[in-house]
Amino acid sequence: MPVLVMKFGGTSVADLARISNAAEKVRREVERGYDVIVVVSAMSGKTNELVGWVEQTSPLFDAREYDAVVSSGENVTAGLMALTLQEMGVPARSWQGWQVPLKTSSAHSAARIVDIPRANIDQKFGEGMRVAVVAGFQGISPEGRITTLGRGGSDTTAVAFAAAFGAERCDIYTDVDGVYTTDPRIEDKARKLDRIAFEEMLELASLGAKVLQTRSVELAMRYKVKLRVLSSFEDTDETSGTLVCDEEDIVEQNVVSGVAYSRDEAKVTLISVADRPGIAAAIFGPLAKAGVNVDMIVQNISEEGRTDMTFSCPVNQVPRAREAMEKAMEAGEVNFRQVVADTDVSKVSVVGIGMRSHAGVASTMFEALAAEGINIRVITTSEIKISVLIDRKYMELAVQALHDAFGLENAA
Ligand code: ASP
Ligand code: MG
């Protein structure tokens with residue numbers, strides 16, 4: 001029988017009534033003839049609570065025990081979902097990560113999936129089980145200990161199961177009805193997209209759109225898993241939600257598909273560093289080691305052998321960045337006059353695979369910002385994305401202006 005993967009996020013299993021509502025959706029797919037693999041998150045708020053308990057007990061916690069504790073939220077919802085389905089007369093069984101077994105690396109709290117052998121679940125499907133309810137977010141290390149996949153990891157569990165079982169589709173049920181052109185809380189003309197390309201979704205996810213874990217999109221792209229985001233609170237059918245798919249499967253291509261933002265950025269400048277071969281490595285090596293997620297980088301004009309180096313990173317990493325640079329200075333690896341941090345900036349980006357074949361996206365973007373009197377501090381581009389750093393107080397305005405400039409209120 002064809003296999004369908006259905007994933008329910010925390011808000012979709014937040015209480016027994018919602019679990020029952022989700023189970024009803026599963027039952028309908030079983031009746032349509034699918035063998036279903038359901039992947040569940042913990043009830044909303046549960047994982048945060050468990051993380052809090054771990055941190056209160058042991059500030060520098062042992063990551064193996066962190067995983068033992070935080071993985072438990074999904075065990076509860078998996079069991080309850082299986083029971084709910086059984087009460088509806090659907091043959092269902094719950095599966096914790098180790099029972100599948102979903103094999104991972106031993107990088108506790110951020111483990112990577114290595115293999116999902118099908119034999120155990122296939123055998124039960126063969127014996128009449130119609131739904132395997134899998135606890136998301138968790139697996140088992142080569143040492144035989146429970147691991148977790150990083151926050152939001154149930155999305156990745158779901159896509160990995162879809163790839164392993166050759167599922168027809170992987171449906172991600174959540175509390176929004178799809179992927180939007182931008183955040184509807186900022187721009188009320190934001191539109192739900194019917195389709196979006198993997199590459200675009202990957203950019204949007206890594207720019208902070210929280211609807212899918214970035215790794216789940218990477219995995220879906222690699223294994224060509226048809227991924228769909230849809231609401232668990234609405235009546236849905238084959239055409240609901242947003243389909244994340246290959247760009248060839250999108251007929252009416254938008255030049256720009258979305259405007260993304262990241263509110264809490266900082267712009268850090270090292271003033272007057274020696275302009276010599278190896279200087280970038282001497283700066284960004286120690287920053288990487290200190291765990292600073294450097295995003296944009298600009299090297300300014302050089303004068304008399306000295307230059308300024310500017311980069312952006314999340315605001316809360318500025319102290320770490322300063323410390324790393326001061327240490328590198330003491331060690332004689334770099335030499336600068338001053339570190340200046342501007343912590344009142346945001347990043348706004350436009351994303352679209354149409355940029356590859358359409359000239360003028362950058363100029364449209366810059367003109368739209370200029371028309372609002374918004375000064376651009378730093379610019380970076382990739383093949384399908386242009387990002388700018390601007391003053392935080394203009395962030396909402398910039399998102400709205402760009403949404404208008406690219407006609408996204410008519411996007412589909
Ligand atoms: N419950 C986990 C979290 O909140 C995993 C997930 O829901 O995807 O991060
Ligand atoms: Mg999530």
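Is Thr181 buried or exposed? Thr181 is buried, with a relative accessible area of 0%. Buried here means under 20% relative accessible area, exposed means over 50%, and partly exposed lies in between, with a 1.4 Å probe and protein chains only.

This is a predicted model, in which local features need pLDDT of at least 70, side-chain atom pairs count only at pLDDT 80 or more, and totals for chains, interfaces and linings use all residues. Residues are numbered from 1 along each chain as its sequence is written, chains are lettered from A and ligands numbered from 1 in the order in which they are written, and side-chain values use heavy atoms, with hydrogens and water left out.

Back to Thr181. Thr181 sits in the loop between strand 9 (170-174) and strand 10 (195-197). Helices (H or I, at least four residues) and strands (E, at least two) are DSSP runs, numbered from the N terminus. Not counting residues up to four places away in sequence, Thr181 touches Ala190, Arg191, Leu193, Ser257, Gly258, Val259, His403, Leu408 and Ala411. Contact means heavy atoms within 4.5 Å. Lys192 is 11 residues from Thr181 along the chain, and their C-alpha atoms are separated by 6.4 Å.

Ser71 lies in the loop between helix 3 and helix 4. Its contacts, leaving aside neighbours within four places in sequence, are Gln138, Ile146 and Thr148. Ser71 and Ser41 are 30 residues apart in sequence, and 9.7 Å apart in space from C-alpha to C-alpha.

Two packed helices are described by the angle between their axes and the distance between the axes. The axes of helix 3 (residues 63-70) and helix 4 (residues 72-87) come within 4 Å and cross at roughly 25°. Axes are lines fitted to C-alpha atoms, for helices over the stretch in contact, and angles run from 0 to 180 degrees between N-to-C directions. Helix 3 and helix 4 are therefore roughly parallel to each other. Angles under 35 degrees count as roughly parallel, over 145 as roughly antiparallel, 65 to 115 as roughly perpendicular and the rest as oblique. Helix 3 makes the contact through Ala68, Val69 and Val70, and helix 4 through Ser72, Gly73 and Glu74. By class, this contact has 3 nonpolar, 2 polar and 1 charged residues. Ala, Val, Leu, Ile, Met, Phe, Trp, Tyr, Cys and Pro count as nonpolar, Asp, Glu, Lys and Arg as charged, and the others, Gly among them, as polar.

Several backbone details deserve a look. The peptide bond from Val100 to Pro101 is cis, with omega near -10°. Pro101 belongs to the loop between strand 3 (92-95) and strand 4 (103-104). Phe137 is not a glycine, yet has a positive phi of about 80°. Phe137 lies in the loop between strand 6 (131-135) and strand 7 (138-140), and counts as buried at 3% relative accessibility. Ser272, also not a glycine, has a positive phi of about 60°. Ser272 is found in strand 13 (residues 258-274) and is buried, with a relative accessible area of 12%.

Strand 13 leads on to helix 9. In helix 9 (residues 279-289), the buried residues are Ile279, Ala282, Ile283, Phe284, Pro286 and Leu287. Their cover includes strand 13, strand 14 (297-299), strand 15 (306-314) and helix 10 (318-330). Just after helix 9, Gly291 takes a positive phi of about 80°.

Last come the spaces. On a 1 Å grid over the protein atoms alone, a cavity is a set of points where a 1.4 Å probe fits but cannot get out, and a pocket is an open set with protein on both sides within 12 Å along at least five of seven lines; lining residues have an atom within 4 Å of a point. Grid points are joined across faces, edges and corners, and a volume is the space filled by probe spheres set on the points. The count comes to 1 cavity of 30 Å³ or more. The largest cavity holds about 70 Å³. Its lining has 1 nonpolar, 1 polar and 7 charged residues. Helix 1 (residues 16-31) gives the largest share of that lining, 3 residues.

The second largest pocket holds about 280 Å³. Of its 14 lining residues, Ile113, Ala160, Leu219, Arg222 and Tyr223 are the closest to its centre. Helix 8 gives the most to this lining, with 5 residues. The lining divides into 8 nonpolar, 1 polar and 5 charged residues.
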